[in-house]
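Have the picture open while you read.

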Amino acid sequence: MNDNDNNDPEEFLDAHEIVEMNALTISHQEPPDELHLLPLSERPFFPAQAQPLLMNEEPWLSTVKAIGETEQHMVGMVLIKPDDTDRMAGAADFHAVGTMVRMHNPTGEDGKIQFIAEGVRRFRIRKWLSTEPPYRVRVDYPDEPLGGDMHQIKAYGVAIINTIKDLLPLNPLYREEVQYFAQRINPNEPSKLTDFAASLTSADRNELQAVLATFPLLERMEKVLVLLNKELELAKLQSKIRSQVEDKVDDQQRKFFLREQLKAIQKELGLAKDDREADLERFTDRLDKLTVPEAVRERIDEELDKLRILEKGSSEYGVSRNYLDWITALPWGVHSKDKLNLKKARAVLDRDHDGLDDVKDRIIEFLAIGALKGEVGGSIVLLVGPPGVGKTSIGRSIADALGRKFYRFSVGGMRDEAEIKGHRRTYVGAMPGKIVHALKDVQTANPVIMLDEIDKIGASYHGDPASALLEVLDPEQNSDFQDHYLDVRFDLSKALFVCTANQLDGIPGPLLDRMEIIRLAGYITSEKIAIAKNHLWPRLLERAGLKASQVKLTDAALTAIIEGFAREAGVRHLEKLLGRILRKAAVKILTARGKNKGKPISVSAKNLSDYLGQPYFQKTKPMRGVGVVTGLAWTAMGGATLDVEATVVHSRNSGFKLTGKLGEVMQESAQIAYSYLSAHLADFGAPADFLDNRFLHLHVPEGATPKDGPSAGVTMTTALLSLARGKSINRPLAMTGEITLTGHVLPVGGIKEKVIAARRNGVMELILPEANRRDFEELPKHIREGFSAHFAKHYLDVYKAILASSH
């Protein structure tokens, strides 16, 4: 429609222009009686329309080819009831009325067919000739009666044109379509004008199909006018919303430009902002970049208003300013994206650590659950193991594997709960707790936070930090964590907490109950060698400023260091020893003269004593003899072998003496062993009256070292039995297990550490409680390899295992 068309609505139609308005003149040819059909899913096609259409080649390519073979290139476009043109529709799925369309320039590319569709006239399906693609039907072309007098037609036509004119200013897209329509079709034809007006609307597909299926013109114009008015109301509402948004944006832009101009003027005049304005601007700029909860934002706004009216020199101004500095520095709504690729996570763990395959598997399982959920969080991992086994570095690797920020702080010796939850603002010098410090440093709300040495946390009259940690480490509570200083809620549920401990005894039960426990045992010699070669030695060389070509360490020397100087479970002492070697090597390099200058230094097993002196541990076999048995013990430093000695002091009277700085539980185990044997000596081939008139002494060597625990019961019983029978165990054999007064053998802990200790001391035959069979069989293959293990439910099983080796 051109701008100069229909300026006077009264000139809309003349009677003679209506006479043949519904006649079809397509190259003076009659419309075809049979048509191929193409389905439409979103909305029907109207006779007044002309626009490009896009369809899938499969299954409509055959239909397009069949249309191209016809003389007039006509096709019927019909709306289908199911909203899916790719599904094979049946005859019942097609509406009865559609639009005959001339197809222009069909082209195919990338599995799609595109063509220009020019609407011609309505048709009605009379008979189906083919119910499968290519669809083919017999049609007729019903007349389109006026359905009323000319004055009504004219009035509705004027109303439709005026409504379209009202729509044009509200949406530029309408103007383009109207201009295109005016160029193709005489706007004084009311039928085509009505169909065009219907195509302009965004009405429901069923409402548009009802318009298409209405043949009487007046009735159709009534329906279209209703749809146009709805479209006009919708366009007005959209325009109002757009205007409001634009006004708001314009106001913000205006204020921004004014602020920038003010800054420029102040800069030119040499006017500096006062501290209050600078502070307020800094806090506001921080908030603009964050997603702050509404309750927190209200609290911040109250504090900002207070800061505006306080005197800068007052103490309360400083308190309020520090509070705002902390609360606006937190990462409200800022989260880093988790990397949940298990393959890459395993590669990171393998890169940073040698050995610990069982621990890595547990961590990967933990991450797998997070991958299924789409995020990792709401859990607390506790890494338990001896010093130097890599607990802290495992925590760092978890953070690297997830792509999260890492923050570590130690709670060992912490005695004040305020260090966890902060001080109240009423105190002078009040500060937030460690958790808030961590969040401020990492600037993300889902970091990996490591709480080191949690088993060494203390308590005092200032409060119990362990109790304060209950809220921090409980996924059900920490979504509303409240620091005393900030006094607002912060969501910690997305943070991953990793705690470390040497043993579980010092951790309160309620706190331990909230943790996922992962145990790290000690390393065997082969694992220590791999760690030293791949991690410790390269790192120490870099720290010392030396190259690998300047100082060489042989495998034999490394093995000698581990077996002679560093038998502990971890590798921290091993790292110190390697550092000592490099320090001595650096002195030799700098003081070398003559032909030795520039010559690389080689550290071998032969010259190792020049760097470290004589070994701490000599190659000694476990003690043997009558009344001497090797046991297995667990300590905070890992596993250890423990020789138990029993001897007869005199035969004047009966009695029993214990030495070796034994704890109460271990003393009770010795008394149980003595009582059990007193009642069953004859069952084991010993004189029944052996204990009646003999004073026995049982000793556990290294008397300066405190010892406790029930796991030496079987060992003590065996030592007393060996003494009573006068026979010794003739091969390396170690045992562990708790014994009862009825001779049952109960399970004990620390099996992995004890097995590693036995291997380290060359004892490859073990007696373990039957209930610990699973613990032994779940050990990595390289740790179990070479061991001969006997499992005992009752002490009789222990006796049978040692009977063949006694003489």
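A residue is called buried under 20% relative accessible area, exposed over 50%, and partly exposed in between (1.4 Å probe, protein chains only). You're looking at a predicted model, where local features need pLDDT of at least 70, side-chain atom pairs count only at pLDDT 80 or more, and totals for chains, interfaces and linings use all residues. Residues are numbered from 1 along each chain as its sequence is written, and side-chain values use heavy atoms, with hydrogens and water left out.

**Salt bridges**

- Side chains of opposite charge can pair when their charged atoms come close.
- A salt bridge here is a side-chain nitrogen of Lys or Arg within 4 Å of a carboxyl oxygen of Asp or Glu, and the structure has 33 salt bridges by that rule.
- Take arginine 404 and aspartate 338: they form a salt bridge, and their closest N and O atoms are 2.6 Å apart.
- That pair links distant parts of the chain, 66 residues apart: arginine 404 is in the loop between helix H12 (391-402) and strand S8 (406-410), while aspartate 338 is in the loop between H9 and helix H10 (342-352). (Helices are DSSP runs of H or I with at least four residues, strands are runs of E with at least two, and both are numbered from the N terminus.)
- Arginine 404 counts as buried because its relative accessibility is 6%, and aspartate 338 counts as buried at 15%.
- Aspartate 325 forms a salt bridge with arginine 286, with the closest N and O atoms 2.9 Å apart.
- Those two also link distant parts of the chain, 39 residues apart, with aspartate 325 in helix H9 (residues 315-327) and arginine 286 in helix H7 (residues 275-288).
- Arginine 774 and glutamate 778 form a salt bridge too, with their closest N and O atoms 3.9 Å apart, and both residues are exposed.
- Arg122, Glu144, Asp195 and Arg220 are linked in a network of salt bridges.

**Aromatic rings**

- Rings of Phe, Tyr and Trp (its six-membered ring) pair if their centres lie within 6.5 Å; planes under 30 degrees apart are stacked, over 60 edge-to-face, and the rest tilted.
- The structure holds 15 aromatic pairs.
- One of them joins tryptophan 128 and tyrosine 135: the ring centres are 5.9 Å apart and the planes sit at 85°, so this pair is edge-to-face.
- Tryptophan 128 is partly exposed at 22% relative accessibility, whereas tyrosine 135 is buried at 1%.
- Phenylalanine 565 and tyrosine 616 make an edge-to-face pair as well, because their planes are at 70°, with the ring centres 5.2 Å apart.
- This pair ties together parts that are 51 residues apart in sequence, since phenylalanine 565 lies in the loop between helix H18 (555-564) and helix H19 (572-591) and tyrosine 616 in the loop between helix H20 (609-612) and strand S16 (628-635).
- Trp60, Phe94, Trp128 and Tyr135 form one aromatic cluster.

**Charges over rings**

- A charge sits over a ring if NZ of Lys or CZ of Arg is within 6 Å of the ring centre and within 35 degrees of the ring normal.
- The charged end of arginine 425 sits over the ring of tyrosine 323, 4.0 Å from its centre.
- Likewise, the charged end of lysine 440 sits over the ring of tryptophan 326, 4.1 Å from its centre.
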